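Me: I would like to go through some labels used for this structure and ask what stands behind each one. Please set each value against its definition.

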Amino acid sequence: MTLPALVLAGSRDGAQDPLARLGKVGHKALLPVGGRPMIDRVLSTLEQTDGIGPVSVSIEDHAALRTLERPFTCLPTASGPSGSVALALEALGTPLLITTADHPLLRPAWITAFVREANQSDCDLAVGVALKATIERDVPHTRRTYIRLRDMRFSGCNLFLMRTPKARAVVTLWQSLERDRKRPLRMARTLGYGILLRALLGRLSSAALVARISQLTGAKVALIPIDDGRAAVDVDKPQDLELVEMLLARSA
């Protein structure tokens, strides 16, 4: 049995996205990285990973990908990433591996290790993360956004595994928080004032965080560290593109 995969490629700005304009392309996902469209690198990695497929791409303009000669199915997007994931879950169900089009450094070995550890954890939803020490070891001098917990500091790796139908409840929570992102008090009520206070003070542990998510959703969530700091590097701004180009040239 193979594991279906979803690539999130939605962009509200289309050709007006700053990176799309920089690359002179009609969509951010087509930004040239090392001479190839960024999303093509992601699709190639998924193709090369044993046990992964079929692949779907969530994108608002299906025609934007017509030049790519790889097997995939296009799915519609919603107003935000959480909504797009919810739509994909309705169409594809679980289990479902999820990554993003702006992750051109993605490697088959990372996916294989991530899926193996997620299955061993017996979770409903797995989230790939890179610890700060790992990122600083492998990508020194890069500037990443870190989530600071009492027992770990990490950055996301744009890699998720919806293992069971219970993961849908976490997506529903995500949608709620996304809708309320400009209403901090409402977000605080949803998550719990105590949890937020402990997070702000650096006293929230990873165990307490996943326990609160489980309490709110009924789903077991696992944070799965990926032992390569490059897994936390995506392309959101021109500086990221420069870094990724350098890392690709170094590994060639």
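Me: Why is Lys 24 called exposed?
Reply: Lys 24 has a relative accessibility of 77%. Buried means under 20% relative accessible area, exposed over 50%, and partly exposed in between, with a 1.4 Å probe and protein chains only. The value of 77% is over 50%, so Lys 24 counts as exposed. This is a predicted model, in which local features need pLDDT of at least 70, side-chain atom pairs count only at pLDDT 80 or more, and totals for chains, interfaces and linings use all residues. Residues are numbered from 1 along each chain as its sequence is written, and side-chain values use heavy atoms, with hydrogens and water left out.

Me: Which value makes Asp 122 exposed?
Reply: Its relative accessible area is 54%, and over 50% is exposed, so Asp 122 takes that label. Phi of Asp 122 is also positive, near 60°. Asp 122 is placed in the loop between α4 (108–121) and β7 (125–131).

Me: Is Thr 134 buried or exposed?
Reply: Thr 134 is buried, because its relative accessible area of 10% is under 20%. Thr 134 belongs to helix α5 (residues 132–138). Leaving aside neighbours within four places in sequence, Thr 134 is in contact (heavy atoms within 4.5 Å) with Ile 226, Asp 227, Asp 228 and Gly 229.

Me: Why is Cys 74 called partly exposed?
Reply: Cys 74 has a relative accessible area of 21%, which falls between 20% and 50%, so the label is partly exposed.

Me: Which residues does a cis peptide bond with omega of about 0° join?
Reply: That bond joins Thr 94 and Pro 95. Pro 95 sits in the loop between α3 (81–92) and β6 (96–100). The bond from Gly 53 to Pro 54 is cis too, with omega near -5°, and Pro 54 is in strand β4 (residues 52–58). Most peptide bonds are trans.

How values were computed. Helix = DSSP H or I, 4+ residues; strand = E, 2+ residues; numbered from the N terminus.
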